[in-house]
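Q: I would like to learn how to read salt bridges in a protein model. Could you walk me through some?

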Amino acid sequence: MIRRLDVYEAAQRRLKIVFDKFDYVYVSFSGGKDSGVLLNLCIDYLRRNAPGRKLGVMHMDYEVQYSETTDYVARTFAANRDILEVYHCCVPFKVSTCTSMYQPYWRPWEESKRDLWVRPLPEGSLTAADFDFFTDELWDYDFQYLFMPWLMRRKECGNICALVGIRTQESFNRWRVIHSLKNYNHLYRYKWTFRYDSRVYGAYPLYDWHTTDIWTANGKFGWDYNRLYDLYYQAGVPLGNQRVASPFISQAISSLALYRAIDPDMWGRMIGRINGVNFAGIYGKTAAMG
């Protein structure tokens with residue numbers, strides 16, 4: 001009888017395929033639970049199987065975020081500086097906002113709003129001047145795709161792969177990313193990969209993990225994680241709703257008011273940063289924010 005692999009074993013096989021195939025690999029790291037586990041998996045894999053090899057980490061810093069997330073990102077980078085090549089991106093791309101009736105987007109780290117920034121620019125971060133493809137019309141998700149070929153040129157490597165910690169359990173749209181028949185541009189027909197061009201790929205090694213798998217891995221291997229999730233738990237947020245994301249997008253509006261209780265100092269700065277934050281915090285769970 002053939003034994004079915006568990007999700008950890010399957011992820012290890014996928015990482016082997018990626019690291020054997022590509023000259024350079026980086027992880028898209030948000031500071032959330034999924035990308036945190038993916039990053040720890042890659043770090044452990046390289047320490048065991050390819051000592052001395054570097055791993056890239058791309059962190060898109062949205063300026064306004066929980067202080068616990070900022071601290072976790074900084075801890076992770078500091079604890080693994082021997083193996084990580086960090087690309088900490090603080091760029092004023094367009095980001096959707098659902099807090100305002102007349103402002104469809106906002107820009108983190110916008111130079112003209114420097115006096116309103118909720119925190120100082122992180123040391124060693126990359127700004128708009130570092131990216132030759134940046135324009136004022138660029139949205140945050142477009143930045144992620146354009147970053148891949150930019151980094152390949154910078155590293156002067158033959159090919160590159162971006163690892164992203166999305167899981168199909170999170171939403172139907174994420175399920176479609178993996179299983180849609182339209183997504184035929186794969187590496188070796190592996191449905192958990194996608195092709196940007198002939199030398200640039202992306203991969204989702206954790207696509208079949210569940211939320212319980214994420215927390216089991218953190219507990220079993222003693223990995224550090226974003227302590228914001230402990231605060232979410234204490235605040236009564238269900239396990240499946242505990243997410244780290246830009247606080248002004250539609251998916252986050254219903255939980256925006258948690259900033260007021262969990263991170264009141266940040267909440268005070270947010271009110272003056274983006275139009276409509278206080279209103280959305282009060283009425284985010286009602287039809288008023290429809």
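A: Happy to! This is a predicted model. Let's start with a group: R75, D224, R227 and D230 are joined in a network of salt bridges.

Q: What is the general idea behind such a pairing?

A: Side chains of opposite charge can pair when their charged atoms come close. In this structure, R227 and D230 form a salt bridge, with N and O 4.0 Å apart. R227 is partly exposed, at 32% relative accessible area, and D230 is partly exposed too, at 29%.

Q: How many salt bridges are there by this rule?

A: The count comes to 14 salt bridges.

Q: Where do D20 and K16 sit relative to one another?

A: Both belong to helix α1 (residues 7–21), and because they are four residues apart, about one helical turn separates them. D20 is exposed, with 54% relative accessibility, while K16 is partly exposed at 44%.

Q: Which residue does R119 meet in a salt bridge?

A: R119 pairs with D61, at 2.3 Å from N to O. This pair links distant parts of the chain, 58 residues apart: R119 lies in the loop between β5 (105–106) and α4 (140–155), and D61 in the loop between β2 (55–60) and α3 (67–79).

Q: Is R119 buried or exposed? And what about D61?

A: Buried means under 20% relative accessible area. R119, at 12%, therefore counts as buried, and D61 is buried as well, at 1%.

Methods: Residues numbered from 1 in each chain as written. Predicted model: local features only at pLDDT ≥ 70, side-chain atom pairs only at ≥ 80, totals over all residues. Heavy atoms only, no water. Salt bridge = Lys/Arg side-chain N within 4 Å of Asp/Glu carboxyl O. Helix = DSSP H or I, 4+ residues; strand = E, 2+ residues; numbered from the N terminus. Buried < 20%, exposed > 50% of the residue type's maximum accessible area, 1.4 Å probe, protein only.
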